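This report looks at a ligand site and a charged pair. Please have the sequence and structure open.

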Amino acid sequence: MTQPEPGTQLSRTDLTLDLLHQAQNSDALAGQVIVVTGAGDGIGKAAALDFASAGAQVVLIGRTQEKLEAVYDQIEATTQTEPIILPLDLNELTTESAQELAHGIEQTYGRLDGLVLNASLLGDKMSIAQYPPKVWSSVMNVNLNSAFHMTQALLPLLEAGPNGRIIFTTSSVGREGRAYWGAYAVSKFATEGLMQTLADELQNTSRVRVHCINPGGTRTGMRAKAYPGEDPQTVPSPEVHMPLYRYLLSPNSQPFNGISWDARDFLTQ
Ligand SMILES: NC(=O)c1ccc[n+]([C@@H]2O[C@H](COP(=O)([O-])OP(=O)(O)OC[C@H]3O[C@@H](n4cnc5c(N)ncnc54)[C@H](OP(=O)(O)O)[C@@H]3O)[C@@H](O)[C@H]2O)c1
């Protein structure tokens with residue numbers, strides 16, 4: 001498989017169905033250690049449950065302890081793996097607290113195989129002219145700055161494993177500007193930039209591979225807030241995106257780096 005240019009958007013035709021099916025094996029992520037942010041709800045919750053069911057030790061990060069505990073209980077009850085809960089407000093994450101997090105993971109596991117940077121805030125749907133500066137800062141902190149701090153702190157642990165992966169989470173409004181999407185859209189443009197810059201730096205110096213996934217419209221609390229008039233049943237559930245996440249976290253995806261994937265091109269149900 002040849003390596004496409006960083007920033008390329010690939011579709012189903014570029015990836016054989018075989019590879020996606022392989023990723024659905026019940027031991028596809030056996031023994032991997034994977035951090036998921038925003039693991040208490042929506043796509044992050046589906047990802048944490050899915051990775052654990054494929055054999056991964058999952059580190060659950062999110063801001064609402066009760067939601068994380070519910071995911072923890074479900075993983076304990078249905079898999080052989082032992083998750084860890086780390087309640088963290090990513091709006092407050094600093095270089096120091098990210099380093100503490102990395103230290104804790106190193107002490108427990110000695111390495112990291114996957115970092116899925118999924119947590120985000122939607123912020124306000126409002127014009128730039130009227131956008132509240134405080135909301136702007138929170139959205140930038142959670143969606144972008146925390147991803148930078150976590151990446152910087154956890155990269156050495158990803159380098160310590162055989163096939164480290166970082167999956168950033170983007171959005172269609174992070175590729176082409178759209179009115180009233182404010183800080184959310186701008187944070188996603190920047191996320192694409194962070195991913196591409198890092199991918200280029202790692203391409204010839206590391207086995208760590210980095211990607212963006214754009215889930216596209218998906219049935220979650222954030223989607224309902226962004227489109228209050230929409231019937232949720234008309235958009236896919238988070239679970240249907242999981243084969244693509246699994247594939248990108250597996251050694252099979254090693255030839256790919258720096259790509260922005262549209263999850264809707266890979267729906268399996
Ligand atoms: N759903 C879609 O249609 C769609 C489309 C394109 C892109 N995306 C992207 O997909 C990702 C997941 O979105 P989603 O739809 O699953 O959203 P969601 O249901 O709102 O879940 C977001 C998660 O992020 C967590 N989070 C928010 N602020 C946080 C903070 N300050 N500290 C720690 N955790 C925080 C939330 O925690 P709490 O539950 O505790 O608040 C929640 O678990 C996001 O990056 C989003 O931009 C989604």
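A polar contact here is a pair of N or O atoms within 3.5 Å; within protein, one must be able to donate a hydrogen and the other to accept it, and residues adjacent in sequence count only if both atoms are side-chain atoms. The model is predicted: local features need pLDDT of at least 70, side-chain atom pairs count only at pLDDT 80 or more, and totals for chains, interfaces and linings use all residues. Residues are numbered from 1 along each chain as its sequence is written, and side-chain values use heavy atoms, with hydrogens and water left out.

| Residue | Part of residue | Distance to a ligand oxygen |
|---|---|---|
| Tyr 184 | side-chain N or O atom | 2.5 Å |
| Ile 43 | backbone N or O atom | 2.8 Å |
| Gly 216 | polar backbone atom | 3.4 Å |

The protein buries 93% of the 900 Å² that the ligand exposes when taken alone (accessible areas by Shrake-Rupley, 1.4 Å probe).

The shell around the ligand has 31 residues (a heavy atom within 4 Å). Among the closest are Thr 64 and Lys 67. By type, the shell has nine nonpolar, 16 polar and six charged residues. Gly counts as polar. Helix α7 (221-226) gives the largest share, three residues. α2 (42-53) and α6 (182-202) each supply at least two.

Lys 67 also forms a salt bridge (Lys or Arg side-chain nitrogen within 4 Å of an Asp or Glu carboxyl oxygen) with Asp 41, at 2.8 Å, N to O. Lys 67 lies in helix α3 (residues 65-78), and Asp 41 in the loop between β1 (33-37) and α2, 26 residues apart. The whole structure has six salt bridges.

Key:
Helix = DSSP H or I, 4+ residues; strand = E, 2+ residues; numbered from the N terminus.
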